[in-house]
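Let's take a friendly walk through a protein chain, one piece at a time. Have a look at the picture, and then read on.

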Amino acid sequence: MKHLLWCALFFLLCPRLQAQQSFNPEVRVWLTRWRNVPLHITGESSWRATGAGESCDIPASETVIVERDAMLLTLRFGSKTLRAEEWTLEAEAPLTLSSAQGNDRRSYRGKLVLRLHKGRLQVLNVLPLEDYLRGVVPLEMPPGFPTEALRAQAIAARSWTVRNRHKHEADGADVCDGIHCQVYGGVTAERESTTLAIQNTAGLILVNGDTPVDGVYTADCGGQSVVGVADRDESGKDYCAANPGHHWSLGYTFLEVWQTAEEKDSAQDAPKGEVDVQIAQTDASGRVVMLRIRWGEQTREVSGARLRSRLSLPSTLFSVRLDQGNTIVFEGCGSGHGNGLCQWGAAGRARAGQKAEDILQAYYPGARVAPLSEAMWEWRRVQKQNSAR
Ligand SMILES: [Zn+2]
Ligand SMILES: [Zn+2]
């Protein structure tokens, strides 16, 4: 009788479970950190390498060494050497890649594809979107952040992937594993808190109508995001104020700042006379678009973006002042480009009781959370087809 009840319950619940199963397409991640041979591969269980139309089963105990032989890639283990232009590696358990010296070591879920691209080794990790995110979110947000902030981050990272997966079309991939796209570290990077946040938001992305939203995120918006979101609570306190680097101050000599406005650093042509520095232009959020510096008769203009990269300023949300006649002091707020989800702000909002959905709606005005569909995943391709017509 008990058995029957369990069976009935199972059949009652099953269709519901299936309906909730999210669309989980495969992502091709270019593992840019593995571009050198020899490369060592091991598996936690036995695994299979397929190349040039043939498959070979490799026991878990073996270390396979990948090397290059002209236009082919060789896999060498024991007394065997296999050659092919491209290898597909499949395993039940994660595969571990390491450099010949063994100092760099990472494990990956899903399939690995090895081939030569632009004259160098290219390793692609082909795995379901949800598994990919498990290796991204803990590297993009501190795993100790509050649960609702981690959930918001998971949805933002998922949306970003859907929207930006054309970035490496020319490389035969969707995204890369570096800061150019989203930092991805495979199983090695996974943490329990972030994995839970991904599972609890499985398949959910941000959309505007039917269009996936570019889920960009920034460490700390400085209290004012680029799109004009005032990141403050009712008392006027910045939600991102808990960031230890929320307020910052950095000084540079006048000459150092003067030289950022030049393509080539040319200290010898430093003019003489009085110096002055002023913000010439800001955007609607108060970020510096253009800085004007005057030295004697000469005036130079330098963009906020250039100053940020050349002087390693945390953000372009700053004011300037001259100190003791030869130092320019930048006093700023926030860290990062200031666009989209503010990560420290999301943590602050979560601590104030906001849910992931509220947090996302604050940072992406007009967007809503919706399940990822096949059409959304193919959004870019459909766009292209439409524009070709
Ligand atoms: Zn990239
Ligand atoms: Zn913020």
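**A strand and its partners**

In this model, L206 stands opposite V369 in strand 24. This is a predicted model, in which local features need pLDDT of at least 70 and side-chain atom pairs count only at pLDDT 80 or more, while totals for chains, interfaces and linings use all residues. Residues are numbered from 1 along each chain as its sequence is written, and chains are lettered from A and ligands numbered from 1 in the order in which they are written.

Strands (E, at least two residues) and helices (H or I, at least four residues) are DSSP runs, numbered from the N terminus. Two strands pair if DSSP finds at least two bridges between them. Strand 14 (residues 204-208) is joined by 4 bridges to strand 24 (residues 368-371), and the two run antiparallel.

On to another partner: strand 15 (residues 211-212) pairs with strand 14 over 2 bridges, again in the antiparallel sense. Here N208 has T211 as its bridge partner. These two strands make a hairpin with 2 residues between them, and G209 in the turn has a positive phi of about 65 degrees.

Is strand 14 largely enclosed or left open? Because 4 of its 5 residues are buried, strand 14 is largely enclosed by the rest of the structure. Buried means that 20 or more other C-beta atoms, placed from the backbone, lie within 10 Å of a residue's own.

Now for a helix. In helix 8 (residues 304-311), the buried residues are G304, L307 and R308. Just after helix 8, S312 takes a positive phi of about 55 degrees.

Conventions
A residue is buried if 20 or more other C-beta atoms lie within 10 Å of its own, exposed if 12 or fewer, and partly exposed in between; C-beta atoms are placed from the backbone.
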